[in-house]
There are 2 protein chains.
Amino acid sequence: MEMKQYIEKNEKRFLDELFQELRIPSVSSNPAHKQDMYRCAEKIVELLKAAGVDTAEVCETAGHPVVFAEKKFDPKAQTILVYGHYDVQPEEPLELWKTKPYEPVVKDGAIWGRGANDDKGQHFMHIKVFEYLIREKKLRHNIKFMIEGEEEIGSPSLAAWMKANKKKLACDLILISDTTMISEKVPSINTGMRGMQYMEVCVTGPNKDVHSGHYGGAIVNPINALCKMIDTLIDKDGHITIPGFYDDVIELTRAERKMLGRAPFDMEEYKKSLGIDGVAGEKGYTTLERTGIRPCLDVNGIWGGYTGEGSKTIIPSTAHAKISMRLVPNQSADKIAKLFTKYFLSIAPKGVKVTVKNIHGGGCFGLPMSSPAFKAASRAIGEVYGIEPVPSRGGGSITVIADAQKILKAAPVLMGFGLERDLIHSPNESYLLSQFRKGMESIALFYKYL
Amino acid sequence: MEMKQYIEKNEKRFLDELFQELRIPSVSSNPAHKQDMYRCAEKIVELLKAAGVDTAEVCETAGHPVVFAEKKFDPKAQTILVYGHYDVQPEEPLELWKTKPYEPVVKDGAIWGRGANDDKGQHFMHIKVFEYLIREKKLRHNIKFMIEGEEEIGSPSLAAWMKANKKKLACDLILISDTTMISEKVPSINTGMRGMQYMEVCVTGPNKDVHSGHYGGAIVNPINALCKMIDTLIDKDGHITIPGFYDDVIELTRAERKMLGRAPFDMEEYKKSLGIDGVAGEKGYTTLERTGIRPCLDVNGIWGGYTGEGSKTIIPSTAHAKISMRLVPNQSADKIAKLFTKYFLSIAPKGVKVTVKNIHGGGCFGLPMSSPAFKAASRAIGEVYGIEPVPSRGGGSITVIADAQKILKAAPVLMGFGLERDLIHSPNESYLLSQFRKGMESIALFYKYL
């Protein structure tokens, strides 16, 4: 039986089981729900066991527990670690919900309720595909599950837990359904997110604020110096000037860029939504490429001197800025922090002292389009949707996936089936049944083509 | 009789009279002293009348009164308007005074008390020199006195009063003793102060703060844009790049610069006092020239984006800066505001909107070293001190003098006899008797050589 038929035959039961999970208000940010977190984790263990894993357990972490499960197939086969999370966003504001957040229903072709998509509905698909592979005797890989309970609060405990359980979690791929695709008509696969390195700089001139009349023109003004230094960081073509900055950036092939370029993009709509009359960025790249496959540098905050009403005629002692760089897969945040620091100190003019602080960094991950995993995912989704999916790149960062890739040294495969319309994190979260079904079909085919 | 002898003969009486003025706590910033302001103004009228003016009166303004007095000599002779102020700084903190602030005494060769120098002691010298000219029949000019009561609070009412009394105040020169000289061994004449034009700019990018991951690298970041625009305002030689900015700057002659260069200046001491390891500024000028005779541009404040602890990954909607330009005599603040605005808007990149606000401007004044008034002052001081005085230029602004020069179209002659050691505005204000005497001698000779 193909997955399509298996779904048709079992969908009622699938929804019953999913709804059991959806009814548990596993809000990770609210300590009042501590017991619900355990209840939800245990429910998932139950579902996994019923689906056919060898072992499934609720594992303690420094925070909410992680569900770990495993099905061994063949030591020589590839091992896939399915990542998901069972915690959800708070349901507030309650009055805006048209249905009750924890009383899931099917209506208008969608599942409604908190977690219907994010991420209960999405990780549940993996449990059911796994069940299908077992029952239909189609399993060809070793499968592990890691379903955490702290994603919505930034996964504070997971990295440490993964480090402590590296062996247990050893895998070749990390398979994740926790993101969106562009649309049902334009299916897409997220092939990477940018990482980040966040710095804070301080430029000190005179040892106190001084009178801008008495000293203006004769000493280095730390604000002017900071502005010049910041301006120096990016050249007229939008390239970052820090020596070595691009050394580890993997240039995409023409073919890969062409594939990414298939994502729909309306420049007029883009500018209109931001209220801007023009875009700018690195020469030679499109807007989507600039946020997807290229690193960048932005000042996130700047301050110094007098910022109140009217005027104060000072040259301030100090000027400050928060400067972050978005990084692309294969760039090391640590290395970039060092390169930035060295360069920023080197461009300080005489007459000021400069300090640079590393605030935090990390978060790059990526799946090469040339990898068998990408090809399998692309083929699977293409077959289900009847159109080749667009590889997409996110501009932001998902730290937990970056951490997992780094700690487990396994490539992440992001097969997300959510849609913008699903309103995750908002009242009236939903998940289209059509996506729920196509998602399961796609995942089943992914295993087939892997 | 020369002034020197006249002083010797009358000094006891001079000090008695000055002390009557010093005993009045004419603190302009404290409403509790409102009546003291009138008492002090009337005391000065009394002193002026006794000295021999034709008329002397307490004139109402929007704030504290101004004393105006006049002695007509000859319609064809030059008219000198003596400016001074009878208001003083508050005496607090009282516990730090070694004598009582309003019980003046002579001790260790100095007059001690609030206002001993600033500006009661200094304007009093002019009354006594005038008395000498009358009694010794040496008067050769028309003399007017304008002694205001609001200098210590920024002269809020004087400009309007001067505008309303232009005819009454008509004069050729404004003679002022309200500043310092470098030292008794290095007497100096202040030949000008810089003016100022203060602007506030705002750069707006996206219509809201946006996620720096999603948009970083693809849209113009208003902070980065502001930094670039600020950096563009000054070139690598320290020249301001605003077209037309230097058009009205009067270049000093080599001889004038040489004279200014005689002012003592210790670069190591300068750097040490500011805690800096280098100075910078416009190429081709010394540090004293950079603050004295050259205009400059400084950012006085900058702000935008996230400025709290840690990190926030935004591209802010707006970035702001306060930017002021110090101007030299003959530059028009209004014109500079227009040039700045035009240029700053012109260098805005596509993708941001820029607004420029004129906060305020004004304040340039200067006395050409080639003028007869400067020459007379220089000769007078040179004769009394036995060494040619150094012409000096102040980097800051004295708005009231700039206003007076502008409204009355008369050149200001700043013969200041204060010294750094006099601690004006602080506890234990004093005025050296030697400076008091040399001041009167110098002023008398100034009239002689004018």
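Which residue in strand 17 of chain B does B:L173 stand opposite? B:A411 is the one. Here are my notes, point by point.

1. Ground rules. This is a predicted model, where local features need pLDDT of at least 70, side-chain atom pairs count only at pLDDT 80 or more, and totals for chains, interfaces and linings use all residues. Residues are numbered from 1 along each chain as its sequence is written, while chains are lettered from A and ligands numbered from 1 in the order in which they are written.

2. Strand 7 of chain B. Let's stay with B:L173 for a moment. Strand 7 covers residues 173–176 (strands are DSSP runs of E, at least two residues, and helices are runs of H or I, at least four, numbered from the N terminus). B:L173 and B:L175 point one way, B:I174 and B:I176 the other, and all are buried (20 or more other C-beta atoms within 10 Å of the residue's own; exposed means 12 or fewer, partly exposed in between, with C-beta atoms placed from the backbone).

3. Its neighbours. Strand 7 of chain B pairs in the parallel sense with strand 17 (residues 411–414) of chain B over 4 bridges (pairing takes at least two DSSP bridges between two strands). Strand 3 (residues 79–85) of chain B also pairs with strand 7 in the parallel sense, again over 4 bridges. In that pairing, B:I80 has B:L173 as its bridge partner.

4. Strand 3 in chain A. Of the 7 residues of strand 3 (residues 79–85) of chain A, 6 are buried, so the strand is largely enclosed by the rest of the structure. It runs parallel to strand 6 (residues 142–148) of chain A, joined by 7 bridges, with A:G84 opposite A:I147. Another 4 bridges join strand 3 of chain A to strand 7 of chain A, also parallel, and there A:Y83 has A:I176 as its bridge partner.

5. The chain as a whole. Chain A has 14 helices and 18 strands. Its radius of gyration is 25 Å, close to the 22 Å that the globule rule gives for 450 residues, so chain A is as compact as a globular protein of that length (the radius is taken over C-alpha atoms; the rule is 2.2 Å times the number of residues to the power 0.38). Its C-alpha atoms fill a box of roughly 85 × 50 × 45 Å along the principal axes. Buried residues make up 52% of the 450.

6. Domains. Chain A is assigned domain 1 (3–193 + 364–449) and domain 2 (195–249 + 295–362), with bounds from an automatic or database assignment. The C-alpha centres of these two domains lie 41 Å apart. Between them, 8 residues of domain 1 are in contact with 8 residues of domain 2 (contact means C-beta atoms, placed from the backbone, within 7 Å).

7. The two copies. Chain B can be laid on chain A with an RMSD of 0.2 Å by a turn of 180° and a shift of 0.2 Å along the axis (least squares on C-alpha atoms of residues with pLDDT of at least 70 in both). That is the relation of a two-fold axis.

8. Where they meet. 67 residues of chain B are in contact with 67 residues of chain A. Strand 11 (residues 296–305) of chain B gives the largest share of its side, 9 residues. Strand 11 of chain A and strand 11 of chain B run antiparallel, joined by 5 bridges, and A:G305 has B:G301 as its bridge partner. 100% of the interface residues of chain B are also interface residues in chain A, so the copies meet through the same surface.

Terms used
Contact = placed C-beta atoms within 7 Å.
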